[in-house]
Amino acid sequence: MPDVVMVAAPHPDDEVLGCGGSIACHVDAGRQVFVLYLSSGERGCPGRPPADVGPLREQEAAQAMETLGIPAANLRFLRLPDGGINPALLDQVGAVTSALRELRPELLYLPHPDDASFDHRAAFMLCWRAAAMAGSRNFPEWGPRPHWVPAVLGYEVWSTIREPAYFEDIDGVLDRKLAALACYQSQSPAAKGDGQASHVGVPAAFLSGFRGAITTGGHREAFTVLRAGRVI
Ligand SMILES: [Zn+2]
């Protein structure tokens, strides 16, 4: 099993929705978990200035990860533009590549490639490209030591994976996943108002309940397997 795990999130809260239970399991097993936030989700609160929302969601992320046992020093905020994540931009790819070469995860979580959110698909492409480049000897300006990530899993947020290849049993940590999600009060129904999607509360457990229902019961997180080098 891996000693170092990294989760890449297009926006703060995706990491909890997609694999918050798995994160808790890794922490409990004594693994070091890093979280890379691509954007700070600054356009996720309609009617509020993005300049205010970004820092607020970063604070919420720090609280959510503390709830799961991850220290603030293990969080990286790249502050790419919310809505503007673009795998064709080399400076964006380079930022992720640098983080991979510096932190050297043995297991990496990404949004799955068929996510219905345009930003999430762009985040997948960006990180998938960075995962390839991080293992190459090219682009030494993004870190002196190449790093090939041996295992990569794709997580689901609100778009289901057609045929998941790996399931994590999160029954024992579901309460912690929901507690971490509750830290994102800017995304709660009360904060977002009528007619807006909200990501905090009991519905966040529905997908893992569905995944449990179609496998072995309880609650599970489902993944695509993008690389399976040696550690899952
Ligand atoms: Zn998102």
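Start at the zinc ion. Its donors are His 11 (ND1), Asp 14 (OD), Asp 14 (OD) and His 120 (NE2), at 2.1 to 2.5 Å. Keep in mind that this is a predicted model.

Among the 4 donor atoms they run from 55 to 141 degrees, and the site is irregular. Tetrahedral would require all angles between 85 and 135 degrees. Along the sequence the donor residues follow H-x2-D-x105-H.

Select Asp 14 and His 120 together. Asp 14 sits in helix H1 (residues 14–28) and His 120 in helix H4 (residues 118–134); the pair links parts of the chain 106 residues apart. Asp 14 is buried at 3% relative accessible area. His 120 is buried too, at 6%.

Next, the salt bridges. The structure holds 8. Here are three of them.

Select Asp 13 and Arg 57. Their closest N and O atoms are 3.4 Å apart. Asp 13 is in the loop between strand S1 (4–9) and H1, while Arg 57 is in helix H2 (residues 50–67), 44 residues apart. Both residues are buried.

Move to Arg 220 and Asp 169. This salt bridge has its closest N and O atoms 3.9 Å apart. It links strand S7 (residues 220–228), which holds Arg 220, to strand S6 (residues 166–169), which holds Asp 169. Arg 220 counts as buried at 16% relative accessibility, whereas Asp 169 is partly exposed at 42%.

Finish with Glu 221 and Lys 177, which meet in a salt bridge at 2.7 Å, N to O. Glu 221 lies in strand S7 and Lys 177 in helix H5 (residues 174–182), so the bridge ties together parts 44 residues apart in sequence. How buried are the two partners? Glu 221 has a relative accessible area of 3%, and Lys 177 has 2%.

Note on methods. Residues numbered from 1 in each chain as written. Predicted model: local features only at pLDDT ≥ 70, side-chain atom pairs only at ≥ 80, totals over all residues. Heavy atoms only, no water. Donors = N, O, S within 2.8 Å, 3.2 Å for Na, K, Ca; no water. Tetrahedral: all angles 85-135°; square planar, octahedral: opposite > 155°, others 65-115°. Helix = DSSP H or I, 4+ residues; strand = E, 2+ residues; numbered from the N terminus. Buried < 20%, exposed > 50% of the residue type's maximum accessible area, 1.4 Å probe, protein only. Salt bridge = Lys/Arg side-chain N within 4 Å of Asp/Glu carboxyl O.
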